[in-house]
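I would ask everyone to keep the sequence and the structure in view while I speak.

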Amino acid sequence: MELFDAIKRRRTANGAFQPQPVAPEDLRTILEMASNAPSHFNSQPWRFIAVQDQARRQQVAEIAGESMRLLMEEGTFWKRYSRYFRFSKEEVDKSSDGIFFDKMPSVLRPFMRHVFTPQGGAVVNKLQVPRVLGNDAHKLVAASPLLLGITLTRTEYQEGELSALYSIISLGAVIQTIWLTATSLGMGMQFISTPMEVEGQWEKIVALLGVPENQALLVLFRLGYLPKEAKRPTIDWASPQRKSVDDLAFGETWGNPLPH
Ligand SMILES: Cc1cc2nc3c(=O)[nH]c(=O)nc-3n(C[C@H](O)[C@H](O)[C@H](O)COP(=O)(O)O)c2cc1C
């Protein structure tokens with residue numbers, strides 16, 4: 001796959017992957033490409049943990065599913081992130097950003113827009129949205145053949161130090177490299193961030209993966225080969241919309257249009 005094609009095709013995979021394990025040579029390729037990413041002073045502050053054992057994936061899935069359910073039940077998720085949610089095509093066209101809940105059971109539709117108000121949240125909970133989302137997350141993670149954690153060494157990722165910022169920038173480069181390589185290999189990839197949002201849950205994953213004290217586990221992904229036809233979860237969103245370059249970029253000084 002050509003680079004530009006992979007960049008354009010890379011998307012968050014919300015659906016299930018094919019069940020077969022990731023070929024060892026594909027995993028190697030992904031990590032070898034990742035190791036070429038830039039880092040401050042070539043410090044290569046990242047380490048990778050590839051989880052393929054079914055029992056361990058199942059344990060991670062339980063934490064991910066439970067985190068999703070708790071996060072939705074508490075209502076904090078909706079409140080914290082309401083500014084990113086779009087519920088109509090018009091809203092998407094207007095902002096060209098955020099995530100668009102374009103798939104959900106029709107009974108939910110009238111309530112989702114009000115999910116971050118106490119009354120709306122109560123209705124959505126009564127309609128079992130947290131349970132559905134928790135179950136979907138659990139199933140998707142458990143059935144993903146590969147979970148990939150990335151850590152940063154704490155000698156670089158140190159609070160208050162400029163090297164922490166540099167490490168995070170390096171991590172971004174490594175993630176995009178992995179994502180583009182996976183895309184080129186016909187694979188999909190999705191962040192599993194919800195356990196970070198619920199107190200105590202990320203620590204469970206850190207323990208499960210045996211991450212040592214001198215490493216900080218910063219991200220976790222699920223990966224696998226994409227099916228020919230994607231089946232979407234019960235409640236789903238998409239976010240291919242992007243702002244135009246002219247909305248994003250300036251020439252010479254802030255506010256000055258970029259020449260065509
Ligand atoms: C730091 C970070 C955390 C994210 N966490 C999640 C997540 O927990 N679940 C998820 O499905 N996507 C997650 N995403 C993916 C974004 O929602 C996604 O990249 C964005 O909506 C653009 O969509 P695209 O990746 O399909 O282009 C995360 C992305 C970033 C950069």
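I shall go through strands, a helix pair, the nonpolar cores and several loop residues, in that order.

A word on the source comes before the details. This is a predicted model, in which local features need pLDDT of at least 70, side-chain atom pairs count only at pLDDT 80 or more, and totals for chains, interfaces and linings use all residues. Residues are numbered from 1 along each chain as its sequence is written, and side-chain values use heavy atoms, with hydrogens and water left out.

Let me begin with strand S4, residues 146-153. Helices here are DSSP runs of H or I with at least four residues, strands are runs of E with at least two, and both are numbered from the N terminus. Is S4 mostly covered or uncovered? It is mostly covered, since eight of its eight residues are buried. Buried means under 20% relative accessible area, exposed means over 50%, and partly exposed lies in between, with a 1.4 Å probe and protein chains only. Leu 146, Leu 148, Ile 150 and Leu 152 point one way from S4, while Leu 147, Gly 149, Thr 151 and Thr 153 point the other way.

Two strands pair with S4, where pairing requires that DSSP finds at least two bridges between the strands. Strand S1, residues 46-51, runs antiparallel to S4 and is joined to it by six bridges. Strand S6, residues 215-225, is also antiparallel to S4, with eight bridges. Leu 148 illustrates both pairings: Ala 50 stands opposite Leu 148, and in S6 the bridge partner of Leu 148 is Phe 221.

A separate item is an open sheet of three strands, in the order S2-S3-S7 and with mixed pairing. Its edge strands, each pairing on one side only, are S2 (85-86) and S7 (236-238). S2 runs parallel to S3, residues 99-103, and two bridges join them. Within S3, Ile 99 is the residue opposite Phe 85.

I turn now to a helix pair. The axes of helix H2 (residues 24-34) and helix H9 (residues 162-184) come within 8 Å and cross at roughly 145°. These axes are lines fitted to C-alpha atoms over the stretch in contact, and the angles run from 0 to 180 degrees between N-to-C directions. On the H2 side the contact is made by Thr 29, Ile 30, Met 33 and Ala 34, and on the H9 side by Val 174, Thr 177, Ile 178, Thr 181 and Ala 182. Contact means heavy atoms within 4.5 Å.

Which residues have the most contacts inside the largest nonpolar core? They are Ile 150, Leu 171, Val 174, Ile 175, Phe 221 and Leu 223, in a core of 24 residues. A nonpolar core is a set of buried Ala, Val, Leu, Ile, Met, Phe, Trp, Tyr and Cys residues joined through side-chain atoms within 4.5 Å. H2, S4, H9, strand S5 (187-191) and S6 each supply at least two residues of this core. Apart from it lies another core of 19 residues, among them Met 68, Val 124, Val 129 and Val 198. In soluble globular proteins, nonpolar side chains tend to be buried together.

Ile 150 ties these parts together. Leaving aside neighbours within four places in sequence, its contacts include Phe 48, Leu 171, Val 174, Ile 178 and Phe 221.

Finally, the loops. Most residues other than glycine have a negative phi. Ser 96, however, has a positive phi of about 55°, and its place is in the loop between helix H5 (89-95) and S3. Gln 128 likewise has a positive phi, of about 70°, and is placed in the loop between H7 and H8. Ser 96 is partly exposed at 22% relative accessible area, and Gln 128 is partly exposed at 36%.

Ser 88, in the loop between S2 and H5, is buried with a relative accessible area of 14%. Beyond its neighbours within four places in sequence, Ser 88 is in contact with Phe 100 and Arg 113.

Pro 105 lies in the loop between S3 and helix H6 (109-112). Its C-alpha atom is separated by 9.9 Å from that of Asp 236, 131 residues apart along the chain. Leaving aside neighbours within four places in sequence, Pro 105 is in contact with Thr 234 and Ile 235.
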